[in-house]
Amino acid sequence: MKKNGSPNMLVTHEHALLIHEALEGSCKTTDAVLEQLELDVEAYQDDDVIFKMLDLNLECCSGCGWWMESCELVPDEQEEGDDDALVGLCLQCRKEKVDHDWK
Ligand SMILES: [Zn+2]
């Protein structure tokens, strides 16, 4: 772990809440939101922001790119299809994937 002089700033909790609010229910990129909020885009790493959002129970659907609660990106037990392939996708994308892969 570097102490000082690292160009990577950790995302503060205050900023994380602002980013969370801006991302939720949107399909914006983290970069776009950082710019929109006029937070230092260079200082915050994409991965750090995503990790911080995960902390706040917000994740990006890897299919359509919409941000939503983590629990919405996990298939229900009743849903058909390969669970592993469906994790990280929203309900809509899971349906599309199952339709595409299985029919
Ligand atoms: Zn989706």
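The mean pLDDT of the protein is 89. A value of 70 or more is reached by 90% of its residues. Residues 1-5 stand apart, with pLDDT below 50. Beyond near neighbours in sequence, this stretch makes 0 contacts in the model. Where pLDDT is low, the predicted coordinates should not be read in detail.

Two domains are assigned. Domain 1 covers residues 1-56 and domain 2 covers residues 63-103. The contact between them draws on 6 residues from domain 1 and 5 residues from domain 2. On the domain 1 side, the touching residues comprise 3 nonpolar, 2 polar and 1 charged.

The protein contains 5 helices and 2 strands. Along the sequence, these elements follow the order α-α-α-β-β-α-α. The radius of gyration is 16 Å, whereas the globule rule gives 13 Å for 103 residues. The protein is therefore more spread out than a compact globule. Along its principal axes, the C-alpha trace spans about 55 × 30 × 20 Å. Buried residues account for 19% of the 103 residues. Of the contacts with a separation of 6 or more, 43% join residues 24 or more positions apart.

Helix 1 spans residues 13-23. Its buried residues are Ala16, Ile19 and Leu23. Seen down the helix axis, they fall within an arc of 65 degrees, so they line one face of helix 1. An α-helix has 3.6 residues a turn, so residues three or four places apart point the same way. Glu14 and Leu17 are exposed on the other side of helix 1. The buried residues of helix 1 pack against helix 2, helix 3, strand 1 and strand 2. Just after helix 1 comes Gly25, with a positive phi of about 70 degrees.

Helix 3 covers residues 46-55, and its residues Val49, Lys52 and Met53 are buried. These residues span an arc of only 100 degrees around the axis, which places them on the same side of helix 3. The face turned away from this buried side carries the exposed residues Asp47, Leu54 and Asp55. The buried residues of helix 3 pack against helix 1, helix 2 (30-36) and strand 1.

Leaving aside neighbours within four places in sequence, Asp48 is in contact with Leu10 and Val11. Asp83 is 35 residues from Asp48 in sequence. Their C-alpha atoms are 27 Å apart in space.

Positive phi values also occur at residues other than glycine. Most residues other than glycine have a negative phi. Glu38 has a phi near 55 degrees and is not a glycine. Glu38 sits in the loop between helix 2 and helix 3. With 7 other C-beta atoms within 10 Å, Glu38 is exposed. Asn57 likewise is not a glycine, and its positive phi is about 70 degrees. Asn57 follows helix 3 and belongs to the loop between helix 3 and strand 1. Asn57 has 13 other C-beta atoms within 10 Å and is partly exposed.

Gly65 is found in the loop between strand 1 (58-60) and strand 2 (67-69). Gly65 counts as partly exposed, with 13 C-beta neighbours inside 10 Å. Not counting residues up to four places away in sequence, Gly65 touches Cys27 and Cys60. Ile19 lies 46 residues from Gly65 along the chain. The C-alpha atoms of Gly65 and Ile19 are separated by 16 Å. Ile19 itself is one of the buried residues of helix 1.

How values were computed
Residues numbered from 1 in each chain as written. Predicted model: local features only at pLDDT ≥ 70, side-chain atom pairs only at ≥ 80, totals over all residues. pLDDT = per-residue confidence, 0-100. Contact = placed C-beta atoms within 7 Å. Domains from an automatic or database assignment. Nonpolar A, V, L, I, M, F, W, Y, C, P; charged D, E, K, R; others polar. Helix = DSSP H or I, 4+ residues; strand = E, 2+ residues; numbered from the N terminus. Rg over C-alpha atoms; globule rule 2.2 N^0.38 Å. Buried ≥ 20, exposed ≤ 12 C-beta atoms within 10 Å, placed from the backbone. Arc of directions from axis to C-beta.
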